[in-house]
Amino acid sequence: MTGPLAVGDAVGLIPAIAALAAGTFAMRLAGPLLRARAQLPPRVVALLETGAVVVLAALVAITGLTSGHGFAGLARPAGVVTGGVLAARGAPFFVVVLAAAACTALLRWLHIP
Amino acid sequence: MWRTLDRDLARGIAVICLSVAAIGVSYGAVAVTSGFPLWLPVMTAVLVLAGASEFLFVGIIAAGGSPVAAVLAGLLVNARHITYGLALPDVIEPGWRRLAGTHVMNDESVVLALSQPDPGRRRAAYWVSGLGMLACWPAGALIGGLAGSALRNPDVLGLDAMFPAAILALILPALRRQGQVGQGQDGQDQDGQGQDPGGKARATRRAVLAGAAIALATAPFLPPGLPELLALAGLLLTPLARRPRVPA
C-alpha cells in the first residue's frame, strides 16, 4: 500500500474484521462446548491436555526459531534458550522472561542478528 | 481471585502483559504506517485478541491481498484455539461469564492455567492474565498507532524473545515431572497412564519433540498456523493414543 487508505476503503474492511473476530470466537468456543456435551474418559482428557502442550511447544519452536519462512538468526534463539535454561534451574518466571529479552537485545546491540 | 495467585505468578503475569503491550505498540505502529486509520488496529485488537492473526491480516491487505484471503489466513493461524478449548474444562464457567471467558482464551492465558496445580489457581491465572491481555493488547496498539513510525522496531529491545521464552518456561513442568517421589522407573509403566507422572511426562516429551520437529520441518513450505496444527501428529507417539479402548 503506497498512501493512506481512503476512509471508505478502511470502513469497507469492517465486515472482514467482523468475520475474523467471529470465526476466532467460534473456534475458541468449540472446545468448551464439546467438553460440556460429552463426558470424556480420563484417558482422552489426558490426551487433550498433552495435545495443547504439543501445540504450545510447536509455537515456541516456530516463534523462537523462525521468521517468515526462514530461520530467525542467532539473537532470538539465544535469548529463548537462556530463558529456558534459567527456567529449568528454577529461576522466577519474570527473571526468565526479562533475561530472554535482555540476552537477545544485547546480541543485537553487538550486531549479531 | 488475587489471593489465590502466588507472588511469582502475579509478577509473571504482569511481565507477560507488559510484553504483550509492547508487541501491541509495534502492531499499532506497523498498521498506521502502512496506511490504516488508527481505529483499525485498536478495533481488531479488542475484537480478535489474537496478535499473530492480526499482524497477518493487516499485512496481507497492506500488500494488496484480498480481505477474504486475509480473513482465511487469520482463521488458520487461530485454529489452535480449538485444541486449547478442548484442554481447558474447568476455567470457563457456564452462564454469561462464558462469553468473556471464551474471548480471553489465548496462548498466554491457556498456558498459565495449565501450569497451575489446582482448579482454583487455574481459574485465577486464566482470568487475570486473560483480562490483562484484553486491556494491554489494545492499549499497546493505540499507543503504537499514535506514536507511528517512531516506535516501529521493538526488536532492538529483544521483545520478540519474550513470548517464546515465557511459553517455554510454563510448559517445562509438564515435560519434567519424571522422577518425582521415585515414580516413573523405566519399564514399570509401559503404557504411560495417568497414575504415573513420570511415565506421562516421558510420553509428553516424546510427543512434544516429535511435534516441534514436524512444525519446524514444514514451516518453510506451509502458510503460518498450519505447522503448529500438524505438530499434533506427535501425539501418535504417546501410548495414550495408540492404545485401543478396552472394555471396563
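In the predicted model, chain B has a mean pLDDT of 82, with 83% of its residues at 70 or more. Within chain B, confidence is highest in helix 2 (residues 39–47), at a mean of 97, and lowest in helix 12 (residues 239–242), at 63. Residues 178–194 of chain B have a pLDDT below 50, although this stretch has 33 contacts in the model beyond near neighbours in sequence. Where pLDDT is low, the predicted coordinates should not be read in detail. For the model, the ipTM is 0.87 and the pTM is 0.79.

The packing of two helices in chain B was examined through the angle and the distance between their axes. The axes of helix 1 (residues 7–33) and helix 3 (residues 51–62) of chain B come within 10 Å and cross at roughly 10 degrees. Because angles under 35 degrees count as roughly parallel, helix 1 of chain B and helix 3 of chain B are roughly parallel to each other. Helix 1 of chain B contributes B:Ile23, B:Tyr27, B:Val30 and B:Ala31 to the contact, and helix 3 of chain B contributes B:Gly51, B:Glu54, B:Phe55 and B:Val58. By class, the residues of this contact comprise 6 nonpolar, 1 polar and 1 charged.

The contact between the two chains involves 83 residues of chain B and 66 residues of chain A. On the side of chain B that touches chain A, the most residues come from helix 9 (residues 162–175) of chain B, which gives 11. The residues on this side of chain B divide into 57 nonpolar, 19 polar and 7 charged.

Notes
Residues numbered from 1 in each chain as written. Chains lettered and ligands numbered in written order. Predicted model: local features only at pLDDT ≥ 70, side-chain atom pairs only at ≥ 80, totals over all residues. pLDDT = per-residue confidence, 0-100. Helix = DSSP H or I, 4+ residues; strand = E, 2+ residues; numbered from the N terminus. Contact = placed C-beta atoms within 7 Å. Axes fitted to C-alpha atoms, helices over the stretch in contact; angles between N-to-C directions. Parallel < 35°, antiparallel > 145°, perpendicular 65-115°, else oblique. Nonpolar A, V, L, I, M, F, W, Y, C, P; charged D, E, K, R; others polar.
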